[in-house]
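Dear colleague,

I am handing over a structure that may be new to you, and I have set out below what I found when going through it. Please look at it first and then read on.

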Amino acid sequence: MSDADNLGDRCVTLEAEDLPGAWVQITDAGQVYSTVSGSKHIAWPSAEWEAMGSKTTWDGYYPKNGHRGVVVHTWVPGAKPPGKSWNAKVICLLQIDEAFWEGKVEAQPFVPVGSDGLNIYTELPPK
């Protein structure tokens with residue numbers, strides 16, 4: 001059994017405002033928003049995160065199912081900028097765990113993912 005299989009009993013549900021700081025695992029890479037960086041319709045919490053938040057800067061990395069990270073920001077429908085979602089979904093900005101991108105890109109990628117494409121965990125297994 002893989003580490004990912006062992007996570008089932010650690011999966012939790014959180015409200016959108018409680019997501020920042022949570023460990024997550026991508027379960028549906030189709031929920032990745034890889035081209036939203038640079039859009040004037042989206043308020044990013046940081047210029048650095050925006051710069052590293054699109055496939056144009058991910059270079060040799062692309063998020064896949066099973067990749068993990070920490071939620072550093074959420075965009076929520078109806079919230080005020082910079083927390084307002086550009087659609088009707090909660091979007092989480094993930095700081096991807098180094099184990100998944102090290103040696104592929106120069107700087108840590110930040111990945112916007114719809115919350116429907118994530119599992120949220122109370123803890124992750126050791127690498």
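Predicted model: local features only at pLDDT ≥ 70, side-chain atom pairs only at ≥ 80, totals over all residues.

Is S34 buried or exposed? With a relative accessible area of 11%, S34 is buried, because buried here means under 20%. Leaving aside residues up to four places away in sequence, S34 touches S54, K55, W58 and Y62.

As for the protein chain as a whole, there are three helices and six strands, and from the N terminus on they follow the order β-β-α-α-β-β-α-β-β. The chain has 127 residues, of which 42% count as buried, and its accessible surface comes to about 6800 Å², with 48% of that belonging to carbon and sulfur atoms. Among the contacts with a separation of 6 or more, 66% are between residues 24 or more positions apart.

Strand β3 deserves a separate paragraph. Covering residues 68–75, β3 is mostly covered, since seven of its eight residues are buried. Strands β2 and β3 run antiparallel and are joined by three bridges, and W23 has V70 in β3 as its bridge partner. Strand β3 is also joined to β4 (residues 91–96), again in an antiparallel arrangement, by six bridges, and here V71 stands opposite L94 in β4.

With best wishes

Note on methods. Residues numbered from 1 in each chain as written. Heavy atoms only, no water. Buried < 20%, exposed > 50% of the residue type's maximum accessible area, 1.4 Å probe, protein only. Contact = heavy atoms within 4.5 Å. Helix = DSSP H or I, 4+ residues; strand = E, 2+ residues; numbered from the N terminus. Areas by Shrake-Rupley, 256 points an atom, 1.4 Å probe, with all protein chains shown as cover. Pairing = 2+ DSSP bridges.
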